[in-house]
Amino acid sequence: MYIPLNLKEGLIDMINQDATTYGFTPDQKARVLKLSIGLWCFIMDEQIHKYQTKTKSYHDNPFGFFVNIHSGALEKFLMRAGDIRLRYNFFVELLIRGGYIQKNENYSNYAFPMSYKIETDFIKWPFTEVPIELPKSHIYTRRLKTKEDWIAYFPDEKKIIETHYKTNINISKLDEYLYSNLGRIYKYNWENGVKTEVQLDYTNYMYYLNAAFRFKQKDFFFSRPDPEGRFYTSFNNLPKIVRQFCSIDGKSICEIDLKNAQPLFLSYILDHHTFRKDCELGSLWDKISRKIDKSRELTKVYVMKYIFYPKNNSSAKSGKTYEAFEELYEGLIKMIDEYRKEENMWDVLQKTEAHFFIDCMLKHDIDFLPIHDSIAVPLNQSELAKNLIQMELKREGVFGTFDKKCY
């Protein structure tokens, strides 16, 4: 686990001040420090766990929300200092007093679990992180499932689970990359068609570093709500910035991606010749983006929002995106609207995607990690994996264009 150095130094100052009141010995001060840092890490981990598995709407700040933690989960933060018994409340109040965590005062101690979040405002330049060794029991509320546990839950996806346990992250290289890029624009977010620049700040620095740490600790999750649908895993939930520092069984990773995969599958369902041709060539987004004079990324946002998956199933009837579609692919929007009345389109396309990128690959003895419409494989198996997917597509009469990106 990595923590900000000034968290450690600030707590040491506060504990030294409290030593007079409580009569702490040097050993007891060291114990208070370790438990306080452990509690801060524990709350941070609960936030990361919720963010990665449930929240996702807090993509700008993974620590910008409160997380419920029952008092029973905090009882392990306990020690004796002479005749005094220090329970978790002492360590909570110490962290609040130092400005290192917040407690949501709207919650009652009796009716609901208390709600907490870590503070990041105290982290100032120069930012220095220090590794700290803490027992897993003090970082996690939940028992970490083993590889055997997960395989028992998902026997059909055994190969993907085994590949996760062969996957490693080079924490030191990730740390070096993040540190050298602090303050720089490193990605863009799209909200209601507006592009915003995102700087790599200390909050995201900590999140990425500790998300990688949790993965390295084999704190995995797997979920397949629909046996024919997507398989959600810790790897495909890792931020892209972290994935590039991963390796499988010590080998570099290559990502194989089918260009405009879901539109391609839709083009075969609807049998629109021009649309299908552009999807097969992988030129769909480029063609539309030139037509509406928007970036490729924003074009995807508009098409998905207004044409493929509009709110309330109400397709666009005017506007630049609609007009570009009508001009390039006459009659296609009407075909999409008609099909959507009969079928749950996104469900059909996700299941088709899962068939080629998960179920087809599970038939072969290749280490791989699914990332929705792509897979990550060891570099030395990338051509074989691409050929296997291509062969499966051709067997079902589908032709597409692939991208290969090596980490």
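## The cavity

The largest cavity holds about 30 Å³ of space. A cavity here is a set of points, on a 1 Å grid over the protein atoms alone, where a 1.4 Å probe fits but cannot get out. Grid points are joined across faces, edges and corners, and a volume is the space filled by probe spheres set on the points. By this rule there is 1 cavity of 30 Å³ or more.

Its lining consists of Arg230, Phe231, Asn236, Glu353, Ile358, Pro370 and His372. Lining residues have an atom within 4 Å of a point. By class, 3 are nonpolar, 2 polar and 2 charged.

## Model and numbering

This is a predicted model; local features need pLDDT of at least 70, side-chain atom pairs count only at pLDDT 80 or more, and totals for chains, interfaces and linings use all residues. Residues are numbered from 1 along each chain as its sequence is written, and side-chain values use heavy atoms, with hydrogens and water left out.

## Overall build

The protein has 18 helices and 17 strands. These are DSSP runs numbered from the N terminus: helices are H or I with at least four residues, strands are E with at least two. Of the 407 residues, 49% count as buried. Buried means under 20% relative accessible area, exposed over 50%, and partly exposed in between (1.4 Å probe, protein chains only).

The protein exposes about 19,900 Å² (Shrake-Rupley method, 1.4 Å probe). Carbon and sulfur atoms supply 48% of that area. Contact means heavy atoms within 4.5 Å. Among contacts between residues at least 6 apart in sequence, 67% join residues at least 24 apart.

## Helix 16

Helix 16 spans residues 332-342. Leu332, Ile333, Ile336, Asp337, Tyr339 and Arg340 are buried there. An α-helix has 3.6 residues a turn, so residues three or four places apart point the same way.

The face turned away from the buried side carries exposed Lys334, Lys341 and Glu342. Cover for the buried residues of helix 16 includes helix 11 (261-270), helix 12 (273-281), helix 14 (296-308), helix 15 (320-328) and helix 17 (345-359).

## Positive phi in two loops

Most residues other than glycine have a negative phi. Lys218 has a positive phi, near 65°. Lys218 sits in the loop between helix 9 (202-216) and strand 11 (222-223). Lys218 is partly exposed, at 26% relative accessible area.

Asn260 also has a positive phi, near 35°. Its loop lies between strand 14 (251-258) and helix 11. Asn260 is buried, at 8% relative accessible area.

Key:
On a 1 Å grid over the protein atoms alone, a cavity is a set of points where a 1.4 Å probe fits but cannot get out, and a pocket is an open set with protein on both sides within 12 Å along at least five of seven lines; lining residues have an atom within 4 Å of a point. Ala, Val, Leu, Ile, Met, Phe, Trp, Tyr, Cys and Pro count as nonpolar, Asp, Glu, Lys and Arg as charged, and the others, Gly among them, as polar.
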